Amino acid sequence: MQLTFYGATEQVTGSCFLLQTSKGRILIDCGAVQGESACATTNLDDFPFDASAITVALVTHAHFDHTGRLPKLVRDGFDGIIYATTPTKSLTHIVLEDSLSVMRDQAAKCGHGLPYEEADVVACLAHMKGVSYGEQVEVLPGVVAMFHDAGHILGSSYISLDIDGHETASGKPERLVFSGDLGNDDTPILPDTEPLDHADILICEATYGDKVHDDMGTRSDKLAEVVNTVIGRGGTLLIPAFSIERTQELLYELDILLGEQKIPAVPIYLDSPLAIRATEIYRDCKSYLVFDHPASNDGDFFAFPNLHETLTQQESQAINVDHRPKIIIAGNGMMSGGRILHHLLRYLGDEKAAVLIVGYQAAFTLGRQIQDGAKEVDIYHKKITVKASIHNIEAFSAHGDRTKLTKFIHPLHGAIPKLFLTHGEHDIKTRFADYLKTQGITDVTIPRITQTFEL
Ligand SMILES: [Zn+2]
């Protein structure tokens, strides 16, 4: 069999891998490239493979960098089943719809086309089949897939493929594992990543392969500290939030902090249609979540009386006339688009205000510039001097750090797999590979884009 890396090699986004056996072709993830300039057209490019020749697709989780090109895959002739967990299917629906509206705006500004239309999203969803964690699915003759909880976002999985010995170079049955994105352990509302008990070949993300996050246990205290500091000086706290998972974790922690009266009951705006819709899906999928703390008096883990969900444009604009100290949670998380830009335009130059970064900021995004301490940034062609204070709580990251990734890889006692590192900037992967060597994991490959391996 052959494995080709069609994305998430030189960068974090654009996850897309193709496994070819004698019985067919399996695509694992079909994600969009993110973090490029607003008018980049990479996601409009033709696939470097024949979409109609793909037999089946498997999706690790709903994030756009893992699902964003699925409608184009269908539009270009793919006619098989797209397997994903049931919550991933629900979340993919809202992610693709939301992204289409964002891309429409960009396409109009930049004068280029769209990678897909509404009808392609509908067709794509019709191809999706929801499966359960731990369910064995024969996706091709001689290839059995299983989805395991990755603890990254609701419904996220790493996928194992048990391959018949007729297909492998060794002539023996082998297990391939695609990590997708791996979450942190001890995340408040998600189960820990299911331990990996066996893999012969592991394709593992390395987004934070060179970092060790803050202790998860202190993040709630840090959140309270930032809120109290900013509200105490009469300012507005902007939290550019990733709409799926980070936002629900934030709401959950704010719910607890408010219930315990550790922060004042200032207005909190959830100003992201995608995040509002995603929170509804989280409410519907409680059985997939783990709550280590009772919900405050209303019984809803993600809501409190001073929360304002501003779904419409008018509701969003009404935030501008609220001059009180407040918290605004708005997408998108890397500040490369979305409603957060309007709020940054308004508050980045305000020394009482603050920006709290709670997730990965890709190279070349506005979020990365702000995180790196830029004194001046450009938003909607206006130069803004950054006077707001910038805070960062890495423990909110949805990605496991070096310790977590090593823990995921290392239990394969005495049977260290062949390891491919993906999803990470090249320097990070190199440093992580060097670190793994000190831990006795030596068969590490950092694949390049379109590189093919015989397995
Ligand atoms: Zn992800």
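This is a predicted model: local features need pLDDT of at least 70, side-chain atom pairs count only at pLDDT 80 or more; totals for chains, interfaces and linings use all residues.

Trainee: How is the protein chain divided into domains?

Mentor: Domain 1 takes residues 2–211 + 398–454, and domain 2 takes residues 216–396. Their C-alpha centres lie 28 Å apart. To the contact, domain 1 gives 26 residues and domain 2 gives 30 residues. On the side of domain 1 that touches domain 2, there are 13 nonpolar, ten polar and three charged residues.

Trainee: How do you know whether the radius of gyration of the protein chain agrees with that of a compact globule?

Mentor: For 455 residues, a compact globule would have a radius of gyration near 23 Å. The protein chain has 22 Å, and therefore the value agrees with the rule. Along the principal axes, the C-alpha atoms fill a box of roughly 70 × 50 × 40 Å.

Trainee: Why is Ala-8 called buried?

Mentor: A residue is buried if 20 or more other C-beta atoms lie within 10 Å of its own. Ala-8 has 27 C-beta neighbours inside 10 Å, so Ala-8 counts as buried. Of the 455 residues in the protein chain, 48% count as buried.

Trainee: What makes the phi of Ala-8 worth a remark?

Mentor: Most residues other than glycine have a negative phi. Ala-8 is not a glycine, yet its phi is positive, at about 55°. Ala-8 is placed in the loop between β1 and β2.

Trainee: What can be said of the phi of His-423, and where is this residue found?

Mentor: His-423 is not a glycine either, and its phi is positive, at about 50°. His-423 is found in the loop between β20 (418–422) and α12 (426–438). With 29 C-beta neighbours inside 10 Å, His-423 meets the cut-off and therefore counts as buried.

Trainee: Which peptide bond is called cis, and what is its omega?

Mentor: The bond that joins Gly-331 and Asn-332 is cis, with an omega of about 5°. Most peptide bonds are trans. Asn-332 has its place in the loop between β15 (326–330) and α9 (340–347).

Trainee: What makes β6 and β22 the edges of their sheet?

Mentor: The sheet is open and is formed by seven strands in the order β6-β5-β4-β3-β2-β1-β22. β6 (128–131) and β22 (452–454) each have a single partner strand, so one side of each is left without a neighbour in the sheet. Neighbouring strands are turned by 25° against each other on average, direction ignored.

Trainee: Why is the pairing in this sheet called mixed?

Mentor: Strands of a sheet pair through backbone hydrogen bonds, either parallel or antiparallel. In this sheet, β3 (residues 24–28) and β4 (residues 56–58) run parallel, joined by three bridges. Ile-28 stands opposite Leu-58 in β4. β1 (residues 2–5) and β2, by contrast, pair in the antiparallel sense over four bridges, and Phe-5 stands opposite Phe-17 in β2. β2 and β3 also run antiparallel, with five bridges between them. A hairpin joins β2 to β3 through two residues. The pairing in the sheet is accordingly described as mixed.

Trainee: What makes strand β2 mostly covered?

Mentor: Strand β2 (residues 17–21) has five residues, and four of them are buried.

Conventions. Residues are numbered from 1 along each chain as its sequence is written. Domain bounds come from an automatic or database domain assignment. Two residues are in contact if their C-beta atoms, placed from the backbone, lie within 7 Å. Ala, Val, Leu, Ile, Met, Phe, Trp, Tyr, Cys and Pro count as nonpolar, Asp, Glu, Lys and Arg as charged, and the others, Gly among them, as polar. The radius of gyration is taken over C-alpha atoms; the globule rule is 2.2 Å times the number of residues to the power 0.38. A residue is buried if 20 or more other C-beta atoms lie within 10 Å of its own, exposed if 12 or fewer, and partly exposed in between; C-beta atoms are placed from the backbone. Two strands pair if DSSP finds at least two bridges between them. Axes are lines fitted to C-alpha atoms, for helices over the stretch in contact, and angles run from 0 to 180 degrees between N-to-C directions.
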